[in-house]
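Welcome! Have the sequence and the 3D view open, and work through the exercises below one step at a time.

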Amino acid sequence: MSNPASMVRPWRLALVAGVLACGAAALGWRALHLQVMNRDFLQDQGDARHLRIHAISAHRGMITDRHGEPLAISTPVDSVWVNPRELQAAQDQWPVLARTLGMGAQDLEQRLRQRADRGFLYLKRHINPDLAARVTALGIPGVFLQREYRRYYPEGEVAAHVVGITDVDDVGREGMELAWDHTLRGKPGSKWVLRDRFGRVVEDVAAIEDAAPGRDLALSIDRRLQYLAYRELKAAVREHRAESASAVILDVRTGEVLAMVNQPSYNPNNRSSIRSGSTRNRAVTDVFEPGSTVKPFTVASALEEGLYRPDSTIDTRPGQYRVGRSMVRDASNYGVIDLTTIIQKSSNVGAAKIALAMPAQRLWHTYSAIGFGTPAGTAFPGEVSGVLPHYSRWREVEHATLSFGYGLAVTPLQLALAYTVLGDEGRLKPASFVPTDRPSGVASVLEPRTAREVLAMMETAVSERGTGSMARVSGYRVAGKTGTAQMASEHGYDSGDYVSTFAGVAPASDPRLAMVVVVTRPRGEEYYGGQVAAPVFSRVMSGSLRMLGIVPDGTYSRQWYADAAPPRADGLAPASARLVADDGKGVM
Amino acid sequence: MKAQRIFGLLAAAVMLSALAVVYTKHHSRQLFIEFEALKAQRDGMDIEWNRLLLEQATWATPTRVEMIARDRLQMTLPAPEQIVIVD
């Protein structure tokens, strides 16, 4: 047998080797061609088929009250948008679309024709999911849905001014929604993802922009107190046919705003119903002349100066007192009275005489120290600082009138904050809309002893014989002061318009809450602060103290209860059954 | 001879590793799909949770609670003499 190799002719081997080599070379060339020379183009083509940009939505944070009860929540809704260019082809389906969306067929047609060359047009924003599903079911080409967030305010107009409102694009426009917009607002992001042929995302490739959801915001507001204040203020505005009103409740120890309500209010869930002027949070943006509610500070100033003691007497006879060319008048001739009685009866003559006995600088210094003329420190949008003229510009008349609250202007919040100074042994802290256990920037502006003495005088103003007797609260001692200021017009103080005020703290033995009620232009028979504002104070304070479980320090009286029963206004509950869940602490 | 055996072993190892890469890649994608589905589920639940919060807040508005307490349950505030303070 011969060797098999010898049977193969050498050229055949060369042929096979040559063919294989050619094949290998061809493959190598092709590989080089694809991998190196055409690489970018092919990679792009591949990516275009599998890589997608994926949007990551971020919703706006929730706003809650101090106990976590929601005051503003965003939930997703759908908005219908169309591509007018694409939709021109399906004109026969326009009427169906219009009917489904509840729009006029002609209106729709007009809008689509006007924007026929555009690629994007919102047809209807923020529709409910059922309607959205019906629109999709129509299957009209060029009609799309976009997921958007709509803001809901479960408390409606009760907390509208503090919480504020967002616009249709979910951007803060008013109130805390505006002040904290940067933290509430989510940051939508996007990323590159790899998708398989079923459209499922199989891999995160790279982040383009990191998304961050909006953060929740807890306010210092207590929604139970807020509601109570809202209800009583609204009832008072109706009863006295007042133009506007505000009420503020502060925590004496921390300066937190527990409730803040204004009338008129608005429903933030229905943007179209908002009238101009009703969105203003008057308690921080509007000023008024505080009138007699500043007398406790005049007296505090005099006590600090060392000129007087609480039982020092002033001659207020004959009930009027000439200062320059003006006349300071009292409601009646109180005779020779002590400082306590000046507060109790609210004597203008007494206050003016005390003020004129000390240097102008002294009174200015006290007013300035308790925060008049400076913003209350909340950074609330539109917060104003009020007006307190410098003492170098006071004439004798200003010096006298400032002592009983004319010639300066404060916001209800500033006045309430000033009263926390009296309630907290002379300490002033910034007001805050967010919960704080330990307020920063606490300043001692009055002697603790002065604050206690003035508080005791203010208690007499809320006694049976004081001007603020209607502010009494069953079970608790109250220290407060009424105020009735005539409103200045072009013709001076004779317009017949009044601002009725009551400011006070409770319980007087260890104050926890400070509250201010301001009613502007009451049109009824009554206009005195003790008749208009004091009853509101009594009802709201009574419910608030009970709800917060604060231990009573006073006596109970059925009589005051009857006094405290407000008239029944339409849609408002009578307060004879002010029912509220108790914390289970203190009062049972 | 020895070198040949090592070469064979390495070739087999490379082959095995290549298969393993394919397998783990596939597996990771499966898991990723599951992960994405769970995330979508979580988002859905978050939305639902927000809706429920909103609904609860609406049912529990003080106005409504007060109305039910007074009109339907006939609740009233206790009179001063009915109140006992427990320290």
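Two strands pair if DSSP finds at least two bridges between them; strands (E, at least two residues) and helices (H or I, at least four) are DSSP runs, numbered from the N terminus. The model is predicted, so local features need pLDDT of at least 70, side-chain atom pairs count only at pLDDT 80 or more, and totals for chains, interfaces and linings use all residues. Residues are numbered from 1 along each chain as its sequence is written, while chains are lettered from A and ligands numbered from 1 in the order in which they are written.

**Exercise 1.** Find the order of the five strands in the open sheet of chain A.

Solution. Step 1: the order is β12-β11-β21-β20-β19 (chain A), with antiparallel pairing. Step 2: β12 (257-263) and β19 (479-486) of chain A are the edges, each pairing on one side only. Step 3: β11 (residues 244-251) of chain A is joined to β12(A) by six bridges; A:Ile249, for instance, has A:Ala259 in β12(A) as its bridge partner.

**Exercise 2.** Work out which residues meet where α13(A) packs with α15(A).

Solution. Step 1: locate α13 (residues 295-305) and α15 (residues 348-357) of chain A. Step 2: A:Lys295, A:Thr298, A:Val299 and A:Ala302 meet A:Ala351, A:Ile354 and A:Ala355 (contact: C-beta atoms, placed from the backbone, within 7 Å).

**Exercise 3.** Decide why α2(A) lies largely in the open.

Solution. Step 1: α2 covers residues 10-37 of chain A. Step 2: of its 28 residues the number buried is zero, so α2(A) lies largely in the open (buried: 20 or more other C-beta atoms, placed from the backbone, within 10 Å of its own; exposed: 12 or fewer; partly exposed: in between).

Technical notes
The expected span of a helix is 1.5 Å times one less than its number of residues. Axes are lines fitted to C-alpha atoms, for helices over the stretch in contact, and angles run from 0 to 180 degrees between N-to-C directions. Two residues are in contact if their C-beta atoms, placed from the backbone, lie within 7 Å.
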